[in-house]
Amino acid sequence: MPSQNSLDQNLLDQTAKRILIIDDEADIQTIATLGITMTGWKVINASSGKEGITQAKAHQPDAILLDVMMPDLDGSETALALKADLETCNIPIIFLTAKAQAADRKRLYALGAQGVIHKPFDPTTLASQIAGFLGWRPSSEQRPSEWP
Amino acid sequence: MTTADYDNHDIAPETASPDARQAAELIAKNQQLQRLLMAQEGIAANLRRREHQMRLMIDALPALVSYIDVHHRYRFNNYAYELWYGLPYQQIKGRQVSDIVSIEVYRKMLPHLEQALLGEEVTYEVEMMRSSGQMVWASVSYTPDVRNGQIKGLFSLVNDISDRKATERIKDEFVSVVSHELRTPLASVHGALKLLATGKLGQSDDRGQTLLSIALQNTERLTRLLNDVLDLERIESGHLQLSPVACNALELVREATHAMQAMADNHEIRLAIAPYEVTENNIAKNQNSQQPLSQSAPSHHTLTPLQVWADSDQIIQTLTNLLSNAIKFSPKGSTVTLQVKPASPKSGRYVKFLIKDTGRGIPTDKLETIFERFHQVDASDDRERGGTGLGLAICREIVQQHQGRIWVKSIHGEGSTFYFTLPMPPTAHA
């Protein structure tokens with residue numbers, strides 16, 4: 001079992017991905033960026049929904065990590081705008097949220113998200129979580145033992 | 001001669017003539033009747049006075065009080081009704097409920113009215129419009145009026161609960177904001193510590209690593225506590241959004257054990273699921289005693305897919321909480337066993353889940369209290385193992401909201417078995 005303190009680089013697709021992180025919290029941006037770039041992937045940053053839409057159109061990232069609670073255009077509104085635009089509708093979105101209820105997750109998936117990551121998140125496994133949601137690596141599930 | 005003469009005890013009726021005696025009797029009876037009439041008038045006056053007092057009291061109530069007959073007509077209403085609907089008493093009495101409230105509200109009220117007129121006491125909440133046009137939340141209670149075994153109508157009590165609803169909304173918003181405002185800085189602290197702990201940003205010496213480890217563990221403990229407090233608040237305030245569906249009980253157990261496998265591995269504990277075995281013995285035990293044992297009952301062991309009516313996310317949370325405790329308090333190398341089986345037929349159509357460990361067990365005097373908030377068997381020991389003291393309280397709330405029951409049997413020093421029951425799906429959904 002890999003140590004929780006190590007970055008699970010071997011499980012990641014070796015092609016360097018570009019992730020757009022949209023979050024108004026500078027500290028979360030720093031931590032998420034550090035966690036992802038340590039794996040060799042690249043990060044584009046945006047501190048608001050409006051800026052995020054502009055960056056998504058300009059850079060066409062491989063995925064967008066989108067915070068839910070932001071002032072002005074919140075995460076849900078940003079996701080709807082991205083999905084409504086032909087230039088950005090195919091970029092997969094993964095939400096970052098402090099709300100952990102099943103109803104909240106259902107609502108976010110209904111907006112077209114392909115994953116939901118809860119805060120506080122583990123930055124050392126952030127890239128592999130994104131890869132896992134988007135099918136960029138094989139799954140490695142373990143089952144509990146059962147009586148024969 | 002007058003009646004006054006016969007009130008005078010000097011006159012002896014036995015010396016009077018027959019006509020005089022008859023007249024005296026008639027006068028006496030007349031006096032008696034007059035006394036009865038005066039008494040009845042007194043009683044009637046008392047009744048009128050009391051009715052007037054009752055009316056004053058009922059009219060002073062802020063709640064809407066009314067009597068509705070079996071044809072859904074108002075037979076009585078208090079002053080609060082007149083204020084609410086802006087209609088005088090005479091324009092409400094004798095009219096159908098559907099004439100007074102809006103059609104939308106009447107549609108919501110109808111099933112409850114019908115239920116009460118079948119003899120059941122009913123309470124529900126509904127949004128209603130006042131004469132001012134303002135929509136307010138109301139709590140409505142119906143008490144059937146049963147006389148000589150027949151339902152004559154119902155007494156209705158309606159309370160404006162818009163203040164309570166507003167408070168709940170404010171509390172919900174507060175919890176939502178607190179949830180975000182606490183979790184976000186916690187995410188930053190936790191994330192920063194996690195990155196430092198990798199060692200890829202510069203190695204610390206042993207003391208530095210120890211301090212990092214302490215800081216990380218305690219941020220994780222804070223996160224768990226925050227999650228549990230918010231969960232419990234949401235559950236206890238009735239805002240847990242249960243979405244029950246027919247679920248395979250064994251699949252719920254498998255998902256929970258899969259989620260806890262990493263923790264079990266870290267503690268060197270084996271997780272095992274014992275399937276419910278369909279054998280001749282337990283077919284006979286669980287069947288209706290009037291039915292004969294089936295000749296074709298299988299003699300080999302098979303899995304019987306047991307279904308429950310449950311919100312799968314909430315039950316998986318319950319199972320993971322119970323598994324977490326079992327793992328934390330079990331000795332290394334031991335096994336935690338899970339099982340699902342039908343509950344005893346006398347308890348209705350329920351499925352029983354059990355989680356058995358071989359840990360230190362729970363003293364008899366704590367078997368009930370451990371399900372309460374922040375009650376732990378040994379607080380200092382649990383703090384070391386990262387417990388918040390809320391996990392079992394959350395499990396109990398979730399199970400009870402599913403109309404189930406949770407309990408524990410334990411032998412101190414040998415281990416514990418936690419049980420909970422969940423209802424089977426309603427027959428149409430089974």
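Tutor: Let's begin with a term: buried area is the accessible area (1.4 Å probe) that two parts lose on being put together, summed over both. For chain B and chain A the buried area is about 3100 Å², and carbon and sulfur atoms give 60% of that. Within the share that chain B buries against chain A, H180(B), K194(B) and L195(B) supply 19%, more than any other three residues. Keep in mind that this is a predicted model, in which local features need pLDDT of at least 70 and side-chain atom pairs count only at pLDDT 80 or more, while totals for chains, interfaces and linings use all residues. Residues are numbered from 1 along each chain as its sequence is written, chains are lettered from A in the order in which they are written, and side-chain values use heavy atoms, with hydrogens and water left out.

Student: How many residues of chain B are in contact with chain A, and what makes a contact?
Tutor: Contact means heavy atoms within 4.5 Å. By that rule, 37 residues of chain B touch 32 residues of chain A.

Student: Why is the pair D313(B) and R105(A) called a salt bridge?
Tutor: The rule asks for a side-chain nitrogen of Lys or Arg within 4 Å of a carboxyl oxygen of Asp or Glu. The side chains of D313(B) and R105(A) meet at 3.3 Å, N to O, so the pair qualifies as a salt bridge.

Student: Which elements of chain B supply the side that touches chain A?
Tutor: Helices (H or I, at least four residues) and strands (E, at least two) are DSSP runs, numbered from the N terminus. Each of α6 (162-197), α7 (206-236), α8 (249-266), β7 (270-274) and α10 (312-328) of chain B supplies at least two residues. The most comes from α6(B), with 14 residues. Overall, chain B has 12 helices and 12 strands.

Student: What makes K17(A) buried or exposed?
Tutor: Buried means under 20% relative accessible area, exposed over 50%, and partly exposed in between (1.4 Å probe, protein chains only). K17(A) has 12%, so it is buried. This residue sits in the segment before β1 (18-22) of chain A. Leaving aside neighbours within four places in sequence, K17(A) is in contact with W41(A), K42(A), D62(A) and W136(A). In α2(B), A20(B), A24(B), I27(B) and Q31(B) are buried too, and buried residues make up 40% of the 430 residues in chain B.

Student: What makes Q60(A) and D72(A) worth a look?
Tutor: Most residues other than glycine have a negative phi, and most peptide bonds are trans. Q60(A) has a positive phi of about 45°, and D72(A) has one of about 60°. Q60(A) lies in the loop between α2 (49-59) and β3 (63-67) of chain A, and its 36% relative accessible area makes it partly exposed. D72(A), in the loop between β3 and α3 (75-84) of chain A, has 79%, so it is exposed.
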